[in-house]
Each structure stands twice: as C-alpha cells, then as structure tokens.
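Thanks for coming. I will go through a few local features and then the contact between the chains.

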Amino acid sequence: MSDRQLRKVLVLGSGPIIIGQAAEFDYAGTQACRSLREEGLEVILINSNPATIMTDTETADRVYIEPLTVEFCERVIDRERPDGVLATLGGQTGLNLATKLASAGILEKYGVLLLGTSLAAIQKAEDREMFRQLMHEIQEPVPESWIVENVDELLELSKNAPYPCIIRPAYTLGGTGGGVARSPEELIEIGKRGLSLSMRSQIMVERSLLGWKEVEYEVMRDSADNCITICNMENLDPMGVHTGDSIVVAPSQTLSDVEYHILRSASLKIIRALGVEGGCNVQLAVNPHSFDYYVIEVNPRVSRSSALASKATGYPIARVSAKVAIGKTLDEIENSITKTTKACFEPALDYCVVKIPRWPFDKFTAGDARLTTQMKATGEVMAIDRSFEDALMKAIRGLEVEQKDLRHEGFEKLSDEELESAVTEPTHERLWALAEALRRGWSVVRVNVLSKVDPWFLERIAALVAGRAEPNRTSFKMVDTCAGEFESRTPYYYCTSDPEDDHIPSQAKRTILVLGSGPIRIGQGIEFDYSCVHCAKALQREGYRAVILNNNPETVSTDFDTADALYFDPVTFEDAIRVMEHESVDGVMLQFGGQTAINLARRLSNAGAKIIGTQPTAIERAEDRDMFEKVLDKLDISRPEGAGVKSVDEALAVAQRIGYPVLVRPSFVLGGRAMEIVWSDDEMRSFIKSAARVSGDAPVLVDKYLPFTEAEVDAICDGTDTLIPGIMEHIERAGVHSGDSMAVYPAVNLSIDAQKEMVRITAAIARELGAKGMMNVQFVVDGDEVYVLEVNPRGSRTVPYISKAANIPMVSIATKCALGTTLAEQGYGSGVWDPANGTVSRFGIDPNVMTPPDPGLFAVKAPVFSFQKLSLVEPSLGPEMKSTGEVLGVDLTFSAALLKAITASNLDVPSGGTALLTVRDQDKPEAAEIAAELVSLGFDIVATAGTHAYLEEQGIEARKIAKIGKAEDNLLEAIRDRRIAILINTPSGDREAEAEALQIRCACVERGIPCLTSLDTARALTTALRAVERGEDVHCLHIEEYSKSQEDVRMKL
Amino acid sequence: MPKHLVLKDGTVYTGEPLGSDADAMGEVVFNTGMTGYQEILSDPSYAGQMVLFTYPLIGNYGINDDDFESERVQAAAMIVKEAAKHPSNWRSKKTLDDFLREKGVSGIQGIDTRALTKRLRSSGVTMGMITSGDPSEALAKLASARDYGERNFVEEVSAPAPYAWGFEGREPIDAAGDGYKCKVAVLDLGVKYNILRRFAALGCRSVVLPQSAGAPEILGWKPDGVVISPGPGDPKNLSRAIGTVKDLLGAIPIFGICLGNQMLAHALGGSTFKLKFGHRGSNHPVKDLRTGRVTITSQNHGYAVDAESLVGSGAEVDQLNLNDGTVEGIRADKLRARSIQYHPEAAPGPWDSRPYFAEFMESIGTAGA
C-alpha cells in the first residue's frame, strides 16, 4: 500500500457515548487494535471514554485517556511519532478529528499517514455537494436536493421547495439537527438549527422519499479493488425514520434477486468511485412499486450498521477493516469464523435477524417521541431466529420494556381515530400500534396505506396477533457466516425450535454463565458490558469455561471470541435457564450485568441455579427498604430519615414527619428512573403515582433530602474483608444523580474523618451482608457526618473509571472473590487501594493510619448528555439520570484533570464572552461568587431582573436582560443569536417560571451553548478556566504513566 | 398430511407439504443464496436435483413473470424451511406454493434444513425422495433408482430445435437478424436465458443449437464465436458434446460457461471429478491468478475440472476458487478458447462477472463494430 514500512499506528477512539455514537465503536476500536497487533504493529490509542475495553492497557500498547481534540492528538503524535493514524473505526468523531488534524497540517508536519480510506474519499462521501457530483458522474441516482450555507439561501429555497422535504446537516452524526419539514416555516426553523450545528455550516434540503423502502448495504473494499458485500438490511420503518431508529431485518426480505443485485452493484460501484479502503455503509431508498432507487448516503467508515451487520453475520467487519487499512487484501485475511476460508467472500445467513432500537422515552416521558431523520435511540437489541416472527418476538422480549409481546395497553384504549394516527406517525411504540390495528381486524392494505410499512412485515405481525404461538425452543444453532456450508468452530449460538443442536458443550471444564446487561439505555450503559467482558476473562484465567448471554449487538461482550461461547439471546429468566441447562453450568455470574441481571437473582436461585458471589438474600437485604434499614440499624449507620410507602396517604404522612424537601423514588430500578426531589404535598400527590407505576408491587421510597456533598465507593468483598479501590467525591451536591455528577478520585474536599467513616461503614455493611464480589455504596457527607444513601450489591457504573484511575483490575479481583478466593489469598485484604505503592492501605481499618492513600494523580469523570438529539427533554440535572456517556480527565492536579474532563465532555467551553445568569433565590449568594469569578476571568455577565438586582447589590457588574416576551431584546433572542456563551440557570420551584426556564435551557442545548443547572458544575468550570488562565501545566501522558507515583512521572518529564 | 423426505441411506425428515402432492426423486443438493429461488427453480442445471435452500424464508417476494431462466421448472423438487404464504413485491404474481402446484412440482417445508445441510456437507450429496406416502416404500424405490450421475439430463433439457435470441428475446431461428454487432452460436446443454439476454443487451444475437449439433452444423450458422452453455449432470456422459467442442477448437473462438468449462477441459484432454457437495450459491470467491483480483461469483456445479489432468494440454488454469482451490477458469489462448466454471450471467447472484460477455465479444473482434 505505501512506500514506507508501518511500525506504529495511532488509533482514534470515538469518545463518550452519545445518541448516534454508542458502544459499537468500542467493539470496533477494540477489534481494530487487536487486529493490528496481530499484524505485529505497535498500537497507540487515544480515547476519552474510560468505560471501554479499548482503553484497557492490554488492548493497545499505550493508551492515552485524553480529550479527543486536535491539541491533545498533536501532543500524542509528537510524543509517539506514529507512522500512521487509523480514524475510520472511531465513528464520526474519529473521522472529524482526522479531518481536522489533516487540515491543521499536523499529519503532514509529523509525516503521519492517514490509513485506509483517504481524506479525499472521506470528503467526497461526506460533503453533500461533492458526493452528488460524484453520483452524477457515475450515473447513480440521488434525490433532487439543494445545498444551503446561510439563512438567506434558506429563506429563498423555502419559497419553492417541494414539501415535505428533508433537512440534513453536513458533518454531524446520527442526523443531529436534521428533520422533515412540511411547510416553509418548518423548513426555516429546522434549517436554521441545522446550519448552526453543522461543522461546516452547511445543510442539504432534499425531496422527501417518505414511504419508500430503506435498504442498507454493508460493503468492503481493499487496496487491490476487491469489493464484497457483508450484508444487506431492510428497514421495517420506511424512509423518513433514521436507520438507527428503525426496526431492521437482515437480510432484506422483500427484494427479489434482481433488485438485490441492482442495489448491490450500485453500492460496489459507489465505493469503487470513492476509493474507500475498509468497511463502508451505503443507504438506499427503493421505490416499492418499481426498480427505481436513490442513493441516500454513504458512511466511509465502520458504523453502527456495520456493528449490527457484524453480529448479524458473524463477519468481523472492524477486524478486517483494520487489516485492509494497513494494506492487506481481503484474500490474504483469514475468515476467523471458519478458519478454513478467507475473509474475501460474502456471508450467507440461514436465519433471520431483527434489530429493535431502545429509546429513552420511558425515562423522558415529556420528550418528543416522534421518529424522524434525527436519531433518538440510545441502544438496540438484536434477535436471531429461523423465522421473522420468532426473531421479532425474541427481540421484543429482550428490550426490557413494559411490553413483553405485541400487546400494549395504551393502544388498546385508543379510539380507531386515535389509533389511525398512532399507526401513521412513527414513534418509539409504533410497532405495537401496528399490532393493535391488525388485532382490530384492520386489513393489511389499510395499515400499509397508513404506515407505508411493507405488507410482508404486516402479514407476519398479523399472524402473530392472530395467535401464532411462540415456539418451544429446545436447541441452539450456530452463526457461522456460511449457512452451514463449511465446518466452523465459532462458539456463537442462538436458540431455536429446530430439532438439531449445533453444539454439544464439552463437560471437560466447569462452566459459568455470565449474564450481560442487555440494550444500552440511560442508567445502564457500556460500563456494564466492560465489566462482563472482564468477568469472562477472569473466569477463563481461573480455569473455567465462561459463556456469555447477551443480546446487544453493539458490544464487545457479544463478540464471538470474548468468551468460550456466546449465546445471543435475550437476558431473561427463560433464556438464562435454557442456556444453563444446555451448558450444564456450575453457576451463574450476575453481579456485572447491571440491574437487568441482578433482578433475575431470586428467580434463578429458586429454580436451582447456583448464584456465584453475593447471594439473593444479601441482594434483597441491600435493595429492600425495610430489610436494608434493619441492616443499618443493626450496624448503627446513619441514613437520611425516611420510609417505604405504598399509598399517597402514607407518603404524605412520612413527608410531614421528616419535613420537605424529600427524595421520592421507586425501589429496584437503575439510573434513578422516576426519582424526584419533592418540595410540597401538592407535588407529592402528583409525583407519587408515576413512581408507584414504575415500582410495581415494591414500595416507593420517601427520604429526607440532604443537600450536602455526595460521595461513593466501589468495594470488592470476599465475605469477610473489604477492599476499596478508591473513594470518589461528587462535584455536584446530593440531589443530582450520581451518573450525572462529575466525580473526582481521590476525594479533594472530604474530611479525613468522613473518609474513614465511609471505609468503616462499607466494610461493616459488606461483612453483614456477606457480600462476595462487587458492591457500591453511595453517601451524603456533611462535614464529618456520613449518611448512607444506598447500597448496590453489584458492579456499578464507576467500575471502569476507578479500575483505570487507580490502576487495579477490579473485576478480576471481584470475580475471584465471588468464586471463593479471599482478598488475602489474592494479596490484598481490607483497606483502601494505594496505587502509588501497589499496596493496600489500612486507612479506615487501622486507626493508626491517619491519611488516605495518595494516588499521585487526579481523575475526574464528567457526564456527557445527548439532549441535542432529544427535543423537549428537560436538560437540567436532578435525581433522575439523563446522561448517556462519560469521559475521564486525568492529570497531576485537580484543576488540570477537571479542565480535561470538561473539555472532553463536548461542552463547548468558552474562554470568554457573555455568561447569562438566572437563578433561584436561595442560590443567589453562591451565584454571586461565581459571577465575580467569571468577571475576573474576563466574562461579561447578563442576568434576569432578580439575579441582576442581587448582583448589583453585591457590587458585581452585570447587565440586565428581559425575560421572554418582555422586550424585543430578551434572553431567548440573545441565545438564539448566540450572543450568550454560557448559561447558568438553577430551576426554581415555580411552575410558570420553570416553563420559561425550560424554553431557555432547550434553546441553549439546541445551539450547543453550555447550559449549567447546578452551581457546583459552574464552580468546577471556573476552577478549570482559572487553571487555563494561570497557565497551569496540563500533561499528555499515557495512562500508565499517570498511574505511577507523581515523583516518578515528574522525573520523566 | 405430512410429507417425508427420504434419503438413500434411510434417513427420514418429516415436514409439511409444499407444491404438488406428487412424489419426487432426485439428488439432494443445497444452495446458500438468500435470493433467487425463481431463477434456480427454472435453471436447467438443476434438472434431476431436489434443491434445498439454506436461507429459511423462501418465497418472500413471490413469483413474477420475468425472472425465469428457461421455459419450465427444471429442479425435481424444492426443500425449504418455510415458504412464504404472503409474498410481497411489486412484480409478484403468485405465491411460491401456488406456482409449484400449478407446475406440478413437489416440495417439502418445515424441516430442519440446517441439519440436512450439515449432513450433506459431511456425507456428500445423495439421492432422495419426497413422498406423501410410506417412507419405506420410497426407500425401496431409491434403492433401485438410477443414480444422478448415471443419467444424461442434457438430452432432456437441451432445445429440441434451433432458435434465436435477439433484442426482443426468443425468436424463430429464421427471424431477420439485422442490426446486431455480432452473432454467437450457443451449444445448448441447458442454457440459461440470462446468458442470451446479456449478449442481446450488448448487441449480439444468439443462435441456440441443440446439444446434438455437431461442429459443421454449428459453423454452418457462420457465428463469430461459440458459447458452450452450462447444463446438468456428469460431464463424462457427454461424449458427443465433448467431441463437438474438440472439433471446434482452433476453428473459432470458444467461450465455455460452467458445464461449458468442463466440456472444454475434456476436449483438451483433461478430466473432471465429482465434488462432495458442490458449489451452489451466490457468494463464491474466485481468484484470477493473472491479476490477483478476487471476484464474488454465482455458482452452481457439482463437478469440477481436475487441474492436474490439464498439465501438458496447452491449456492454462487461470482462476481458482479461494475456498477450496478448485479450478474456476481455463484458457487455451492459442486455440482462442477460454471458459469459466461460474456464472457471469448471474441470475441469481452478483453481477461482478458480467464483463465477460463484453470481453468475449471483444475477443471475437466485434465489440466496437
């Protein structure tokens, strides 16, 4: 491929998980790193997302957990001097970063080759106009469209555009800022937003193909111009719904061979014309009544669809793409599934695959759940079976939503007229609306006319609602890429009702089943997959056969070579039992699979399964309110006052006794779903119902809300001893969900005594419960007073964060503990991990140890949100989790680590400009301090009347700005015109004021203006900005360098 | 009423009916293509074979009026996991089941097709019978039946009389053949219409001649080149056609496709052998040894050319299957003859090898005429 020898390659990661760019890029990046190392290359990785397998030090030779910015990339390139950079496996983030590195001249300056698809090809694929031109040249049809680069052009176009039309911003992912406009007004509104979100301030407006079939081809090309198709996929939802939000089947079902190959040939022609080298995705719209089609777009990189195609076919697209990028040709690469054939072939499926997206609207009930060209799903499930019907039902079962089949109470209640619109307008629940319509006897033709969903799918849904029973699945078949034509040894299975089993497990080794965490949703993200993968590896090292059950196609855990066997089926009781019987397992490990897995503990145990580690009784003692209170009472541990309630009256009585504000939440849920701070009886009455609905039979918890510092620890327990890898302090005070808080390790403000008390409490609870494995404890700390908020008897979201920050293999140690090897036997024991010395400090255990260990670094975790994709979702922080991902900032000082975390979290941090403050009364004194700090950092302050008056009183220079509707120049206009660089707004209790504040916050989010709703976050930001101002050293080191003692690192610098 | 698929070794798969209720017998083979059942059913190369489709959902897009590769259903029967009751496609005219009934073709569905595929893969293809009757009677019939390889299916599928194929499709041999760039004679051993369609699309008229046509008859049509078509069965049985090809060698440019490849090999003195379970599908990678390029091809053959047997024949093996290394193409440049073992006409399968038609026309010096 090149005239020079490749020895060292820099792989660009994709950063935090956001809607449209999720765990699939950990899967892709991890495969790529391994694939390159197999070829003998030295691999350097940069990624800011710690909750990834790719940022494990064993995945790459050196891992930089640093912000994915041009600046940090240049520093890594400068230090490492790689020969090449691989960007096409890091999602849109990686691709955009590579583009910027090239245009900033950095690649040229350091003589770094961009591997795989060339920059010119990337631009040709991504720049709408260049792409259209190329399509015209090669005579491939593209829909009539217009490029718009400013508002004047937009207004002009709005006069004669064909409605409905589609708006797509250039250079964004997941269709951010796109939409469908049905009128000139809508075109102008969506178009303006798109212009501001596009990296190039460029949008494309095109003729709508609503109702056409949407088909995708996953294709691959190598440097010798060999081209193959990995898989094609057909969307159940026709054009108009983003493919990430569509129900998708593989392979296509309604295309005849001729149509299949018209589209395949077009796809290959396109990637040849572009000169793609590696995996690529081509999206096409197909007229359901003719051979006509249009090319919609091309992703010249590995994408979410390619992760799906990989799992759907067994073909490791990312692995092969990485090899192609360094110049290998497809016929030189082994088919790692069969091991007997080459990667240069096209997989044949002998099953049907159904993907259903998982949306966050169970949490964001106020969000706009209509599906458009802007992706809204956070995750997805995939199901494999020998028929569409069976695969569909499996997928629904695995979604972990209220509906376990095609019945939906909400739709059953609708009038025919209401149902008609539910069938017509795509939403996250339209599948159930289709089913309900067919159940009511509406003809397939009628439902097709309304929904445009192909009759092929509707007929099958009709058969299901007419009573087609789910089959008795008794056997497991293999996913082998070749439909059984060649012998394969891939341990990749799905259950089905066909009689013959493809797999008779060997009984030679003891086997343990690891339950995965299912689809990615808010509150249960990639962190759990990270832990499951490590658990499987640890089990293998301990001499066990590890088998995984999971149904999330985006993850590393569902790679066929992660465990000894992969069962790609829903993570439910029935499916777990089936696998356990089939494999005759010796036990099941469920503490790493999040709430999905832990919720199955009791039933599995009752069914005779051996639960490895913390037992169901202990789990219940931690999760059941009454039982947990007894544990705390017994151990004399403080907690916020409160009680579990089962009625509105009980709730009001408890609130009266302990006094408002109170925290109200359902039990047994993850991510603080339906959790709220309640300030009055009125609010209690309205809120308790939704909490009760989520809680089901379990009680709703009502606790005193304590507005102090929140802190947490993860603990590894062996039933007697307790090892705390690290103590984390939250930046935002209690009341903000721990998943949405920034957190710092080690603690920076907690008193020594409070930290000691946290260690003592954790050890006491662990011992009392007899916990074996991972446990997580959340605290509120007021000075030296420590209150326990909750105990999670399982691996938590922070496991990868602390594993990396404290350089300790937490999951591996915990897995061994769960299996029965004590901490002492593993060379640890009770105490707090001291990474600088590689020992366990007896801090908190031995009273003579006066200080907690100093790791010599600071690691700040920051949440990342996807509000830009979710209109009408309240972006303020609260007890209900809203973030979709996280980043890690590591450095030798707290402020530098904070700065990195904030930078990496995609917050567009302004270095100056205008800060808009509008805060509630009780926050005004603190807001004034922050305002003063901002002024001294060179910001101008504008504030609404009340806040302004207070600032003036305090002698802080600020300009007053009118509220919405109050004047021509009000704050909303200021935000819309981007005259505001940052918004600091704390929600008040007042409903009317809140409605307005929500509008302001949403306006900021839509324009990418930082919107801080906690003063603690604002203070963190000023701390970081201050660090910049005084020119504090910000380092760029690989993670192991930070992990050593501070002195060592400084010596090297 | 259940149907049974009985294999020669006595294995019985019981499933549900599909198509005609009549009994059917043939060699059980599998095809891994996920689309293309209409083309496959009507492909003469499947004569005498009961085709198992490894993709479990067959009949999804129904049966249309256009995608036939010959005048009738050629396969002896079809074996599927599930035949779609409600197909959906704008060209669909009927369901697969209705079509099979109408044509009197038998089938079976609802059996574990993957289990059967694995069996064929490990034990090789075998004779089988589909019956609604007693499986033991079927087994007895199988015991006395002639093996697939013993029958000359080419005689059964070849055109009984010459015909032509032009811009408008099939036409009488004496239709006016004006306006074409060139003319090829096709020795019909079981030709697929799409071969003729591809030539017509490039401005070439085909004269399709019965398998019994000898070299003088073929040359008598004054073609610019001769195509030896695909077809069913063991090439060794076709001594007459082999003789014809031998006679044509050197006299006129020859292009062999599939069985045509095997005919050319035999004519050059080489030999063929039966593959354990054949190559049938739309995903077979073939490497061109001259260019190093790999192409994904459509394949349908149970026999392969023995590369060793061509040593010293003057012919060169220029393409190999990437999976099993079997011969995929041979050329004898001095004799102006070349052939490929796969299907450039696709139907079903990828279109990547279509350029062969233009290439052949170029080689006979008429492409740009």
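Is A:Asn807 buried or exposed? A:Asn807 counts as buried, because it has 20 C-beta neighbours inside 10 Å. Buried here takes 20 or more other C-beta atoms within 10 Å of the residue's own, exposed takes 12 or fewer, and partly exposed is in between, with C-beta atoms placed from the backbone.

Before going on, a note on the source. This is a predicted model, in which local features need pLDDT of at least 70 and side-chain atom pairs count only at pLDDT 80 or more, while totals for chains, interfaces and linings use all residues. Residues are numbered from 1 along each chain as its sequence is written, and chains are lettered from A and ligands numbered from 1 in the order in which they are written.

Back to A:Asn807. Its phi is positive, about 50°, although it is not a glycine. A:Asn807 sits in the loop between helix H27 (799-805) and helix H28 (810-819) of chain A; helices (H or I, at least four residues) and strands (E, at least two) are DSSP runs, numbered from the N terminus.

A:Ser584 also has a positive phi, near 45°, and is not a glycine. The loop that holds A:Ser584 runs between helix H19 (573-583) and strand S22 (587-589) of chain A. A:Ser584 is exposed, with 10 other C-beta atoms within 10 Å.

Next, the cis peptide bonds. One joins A:Tyr745 and A:Pro746, with omega about -5°, and A:Pro746 lies in the loop between strand S29 (743-745) and helix H26 (752-769) of chain A. Another runs from A:Tyr660 to A:Pro661, with omega near -5°. A:Pro661 is in the loop between helix H24 (648-658) and strand S24 (662-666) of chain A.

Now helix H31 (residues 945-953) of chain A, where A:Thr947, A:Tyr950 and A:Leu951 are buried. They are on the same side of H31(A), because they cover an arc of only 100° around the axis; the arc is that of the directions from the helix axis to the C-beta atoms. After H31(A) comes A:Gly955, with a positive phi near 75°.

Last, the chains. In all, 45 residues of chain A are in contact with 40 residues of chain B, contact being C-beta atoms, placed from the backbone, within 7 Å. On the side of chain B that touches chain A, H3(B) gives the most, with 5 residues. Helix H3 (113-123), strand S16 (272-288) and strand S17 (294-305) of chain B are the elements that give two or more residues to that side.

Technical notes. Two residues are in contact if their C-beta atoms, placed from the backbone, lie within 7 Å.
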